[in-house]
Amino acid sequence: MIRVQNLVKSFGSFTAVNDISFEVAEGEIFAFLGPNGAGKTTTIKMLTTLLHPTSGSIRLDGLDPRTHQNEVRKRFGIVFQDPSLDGDLTAWENMEVHGVLYHVPRKVGRARSEELLKLFELWDRRNEQVKKFSGGMKRRLEIARGFLHTPKILFLDEPTLGLDPQSRNQLWSHVKRVNEAERVTVFLTTHYMDEADRVAHRIGVIDHGKLVAQGTPQAIKDQTGTANLEDAFLALTGSTIRDESANSTDQMRQFAKMWSGGRR
Amino acid sequence: MSAIYILWLRELKRYVRSRSQVVASLGQPMLYLLVLGFGLGPVFQRAGNGSYLQFVGPGVIGMTVLFSSIFSGLGLLWDRQFGFLKETLVAPVSRLQIMIGRTLGGATVAVIQGLLVTAICFLAGFRTQHLVAVPMAIGFMVAIALVFAALGVAIGSSLQDMQGFQLIMNFLVMPIYFLSGALFPLTGLPKLLAFVTRLDPLSYGIDGMRSVLLGRSAFNPLIDVSVLAAVGSVLLVVGAYRFSKIEI
């Protein structure tokens, strides 16, 4: 379903993704793991047509995201790592816009929105503006929205960041459900190794833009001779802490926070 | 089609919901209209140009539409920072439709703002030759709004963050405003200034409004219409192209 060969992305002299190759089969749940700044999000952006690769090839369902942008976009759904909701619209309107953009028939869209908002416990507050939501609620809405249409491939970029255990549990059982019932291929990233161990069929570990290991969770544990995935991960990527430098978006957000904080 | 509609609707909803912004954005035109309108009135009258309030009315309406439409285009930067842009960019909808939806939405909001200021002008004592002139003036407002909403999208697609915003404001938006003849007649100007004002698309929009509302103009109204149509089409194409090239 996803085939990546010798993929490279450089920004100036910095190579974020350095010659990685992997495949994800149809109906598989693939976890893409790596420390901060390892190149996970850059890879997802290339897979989802938001960035053009420097070199190498990508095939999603046999199509090249560079040349068949719209065709590819019809095939996937994505939950981004950072927020992508419209704060001025209500939860319901955010779902509505998404439904229209993804050509979900109106009736189906309404029914599914209701079901999903109830599942993620946002139904009672569907008519409130999203900017009034807490971080966890926004996250849940973002996830609910990602499930509104039924894609062939679902990208989840650190979907559980900032979620409580209840919502996390809800999310993963839903992911498993759509994976089993509708054969949706799932490509996810997370920092919680136990989650990856629990849901993923196969795992790829990326560090400094290079794919350092891939295989089933068991194979990776065996390969590193460790008892759990967390230890295997540390064995593969070392224990130094990585820092991502704040980009302009983060700076902007901080600025906006300062402002809205001052107004209240 | 439905994608264009929903994005247009979104711009309108955002506008209606930011009431404080609506009020704030009316402050500046009112300052120009009332303070300059009455303050420069006597001098203008003595120079034999008639009522300055009458003269500056279309200028202030044009300014409102300019600011509002160009900022709606730059709102793209805001959406980029807060992520909603990504949601639209990965959707299976052509970028052209997204761009058109946004531009039409921004232009609609700008025209609404222009109408509010028109109402304020009438309250302040502005009068037209005939009332039929008003729909024609609205036509010019729509043209100005489309031209600058498209310019806003073209710029918004090319900038990475809000840092460039001040630059655009000081070196593009303000000059467009001041050089448009919104505040002074375009006739009998020094050669260089006269030349520069003719390069400014807003000059033709405001001149067009003046010619229909007041029956006084520096250019032929047909020229006004054709320049706005030509510049508008070019900017829409450029805006759509720049928008299609956005990478996040």
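Figure 1. Chain B has an average pLDDT of 91, and 100% of its residues score at least 70; pLDDT is the predictor's confidence in each residue, from 0 to 100. Within chain B, the lowest confidence, a mean of 88, falls in helix α2 (residues 19-39) of chain B, and the highest, 95, in helix α10 (residues 201-213) of chain B. For the complex, the predictor gives an ipTM of 0.86 and a pTM of 0.87. This is a predicted model, in which local features need pLDDT of at least 70 and side-chain atom pairs count only at pLDDT 80 or more, whereas totals for chains, interfaces and linings use all residues. Residues are numbered from 1 along each chain as its sequence is written, and chains are lettered from A and ligands numbered from 1 in the order in which they are written.

**Figure 2. Overall form of chain A.** Chain A contains 10 helices and 9 strands; helices (H or I, at least four residues) and strands (E, at least two) are DSSP runs, numbered from the N terminus. Of the 264 residues of chain A, 41% are buried. A residue is buried if 20 or more other C-beta atoms, placed from the backbone, lie within 10 Å of its own, exposed if 12 or fewer do, and partly exposed in between.

**Figure 3. The open sheet of chain A.** Six strands, in the order β5-β6-β7-β3-β8-β9 (chain A), form an open sheet with mixed pairing; two strands pair if DSSP finds at least two bridges between them. At the edges are β5 (76-79) and β9 (210-215) of chain A, each of which pairs on one side only. β5(A) runs parallel to strand β6 (residues 153-157) of chain A, and 4 bridges join them. Here G77(A) has L154(A) as its bridge partner.

**Figure 4. Strand β7 of chain A and its neighbours.** β6(A) and β7(A) run parallel and are joined by 5 bridges, with L154(A) opposite V186(A). β3(A) also pairs with β7(A) in the parallel sense, over 4 bridges, and V186(A) is the bridge partner of I29(A). In a regular strand the side chains alternate between the two faces of the sheet. In β7(A), T185(A), F187(A) and T189(A) lie on one side and V186(A) and L188(A) on the other, and all are buried.

**Figure 5. The largest nonpolar core and residue L66(B).** This core has 138 residues, of which L66(B), I144(B), A145(B) and V147(B) touch the most other members. Helix α4 (residues 52-82) of chain B contributes the most to the core, with 16 residues. A nonpolar core is a set of buried Ala, Val, Leu, Ile, Met, Phe, Trp, Tyr and Cys residues joined through C-beta atoms within 7 Å. Leaving aside residues up to four places away in sequence, L66(B) touches I144(B), F148(B), I176(B), Y177(B) and L202(B).

**Figure 6. The contact between chains A and B.** In this view, 25 residues of chain B are in contact with 28 residues of chain A; two residues are in contact if their C-beta atoms, placed from the backbone, lie within 7 Å. On the side of chain B that touches chain A, the elements giving two or more residues are α1 (2-17), α4 and α5 (84-89) of chain B. The most, 7 residues, come from α1(B).
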